[in-house]
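Open the model in your viewer and keep the selection panel at hand.

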Amino acid sequence: MLVASCSGGSDSGKAGADGVGDPLFPRLGNGGYDVQHYGLTLDYEPEGNHLHATAVITSRATQDLDAFNLDLKGMRVRSARVDGKPAGTSRKGTELTVTPGATVGKGREFQTVVVYEGVPKEITDADGESVEGWVETDGGAAALGEPTGSMAWFPGNHHPSDKATYDIAVTVPKGYTAVANGELKREEVRGDRATFSWHSAEPMASYLASVVVNEFKVTTTKAGDLPVYVATHPDEAAAGPKMAELLPRAIEWASGLFGPYPFSSAGAVIDHNPYVDYALETQTKPYFDEAPTDAIVVHEVVHQWFGNSVTPRTWRDMWLSESFAQYAEWMWEEKHGGRSAQHIFDDFYDGKDPESEGIWAFPPADPTPETISDPPVYGRGAMLLHELRRGVGDDAFFAIARQWVADHRYGNGDTAEFIALCERKSGRDLGELFDKWLRSEGKPRR
Ligand SMILES: [Zn+2]
């Protein structure tokens, strides 16, 4: 059934805003409500790359709402209902405006159901190079959401500041495996179709939500009490057992530095994907486009603390996640007989490490949509953490890291809050250090 699709946004002043005012991506996310839970039911046909889907979105109104927006790119909306009653919908660019039959009062919890279908889009990033969104792969698909890609496969409040819990059920042809975040609660085969039902009990930013479909081989193990699920593409078969051995070690090591692992499960997806050339820290199961190096695995594991449990409040704060993930690679190398963190810092400073190329292009706290995934956010951010550690000493540095993770667990944190915590924990004025490494143009003097 197709419910009215012509009513636009309201003029009464009770419409939710069409963005949350992110400094880099102002139209991402929407105002007027706070999502609590997404229930996504996807029926995917790899042949033709076609998706039939229903999104059940439970939200709390933060103002009176007689219309509100969801972010959705492409797809055809078949119907929308709010609290069981038909609602109007209209589309403009990536904004889907939903107009309930009656105003939703401020403070109320309400449920929006959107039925939609189509061929989900691959999105080319602002840098013109990487792709995200729904990426069709050889024999399957990978949904990758950083920074704006999740709107390609489900309607939502797609800004990292609105985190929610998720249930994602994916039906695919029998023989395929559909992997999503959290724990596999059910796997059901009916005729020639198989349904994989995944549950994420801990809040997740939508850019970390993921579905990956292919004819994977699955390896399960444990990291302490934590269930670990590794899905491996047959062309990368040797990487599966290696990952199952490395993940528990990396998780134990990182837990020792940063405090308990934040989620109910862990794992990885090792794909064989010629269309993307990056790994992503998708929550509980980082995504690897191919068999990764140990350093990349450690990077994505440490993101579970920095980025996933504690999520940047805006995209300008992304250095807060990437600096810790990259610095963890340096510490791991030091611990495993490679260069010391100081040696790597020096190699970055002197331009001797290949990853240091371009790190002085802009200050890490000032990326643009085009440069958000560029080296200053990563390498120079890690250099800042190393200088912070040298300045305040190991005890204060790791106390800061653990406190940051504890204070903002399952929530968001921003640059000003991080600097305030560093000064509080160390008892020092760190303005000069942060100005030098975080905010100044060009290569800082040592
Ligand atoms: Zn990263």
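How many salt bridges does the rule find across the interface of domain 2 and domain 3? It finds 0, a salt bridge being a side-chain nitrogen of Lys or Arg within 4 Å of a carboxyl oxygen of Asp or Glu.

This is a predicted model: local features need pLDDT of at least 70, side-chain atom pairs count only at pLDDT 80 or more, and totals for chains, interfaces and linings use all residues. Residues are numbered from 1 along each chain as its sequence is written, and side-chain values use heavy atoms, without hydrogens and water.

**Colour the domains.** Select 1-212 as domain 1, 216-309 as domain 2 and 311-439 as domain 3. These bounds come from an automatic or database domain assignment. The contact (heavy atoms within 4.5 Å) takes 22 residues from domain 2 and 24 residues from domain 3.

**Stay at this interface.** Domain 2 and domain 3 bury about 1,900 Å² between them, 67% of it from carbon and sulfur atoms. That area is the accessible area (1.4 Å probe) lost on being put together, summed over both parts.

**Select 239-258, then 294-303.** These are α1 and α2, and each supplies at least two residues of the side of domain 2 that touches domain 3. α1 gives the most, with 7 residues. Helices here are DSSP runs of H or I, at least four residues, and strands are runs of E, at least two, numbered from the N terminus.

Strands β17 (217-223) and β18 (226-232) run antiparallel, joined by 7 bridges; pairing needs at least two bridges found by DSSP. Ala223 has Leu226 as its bridge partner. The hairpin has 2 residues between its strands, and Gly224 in the turn has a positive phi of about 65 degrees.

Technical notes. Buried area = accessible area lost by both parts, 1.4 Å probe.
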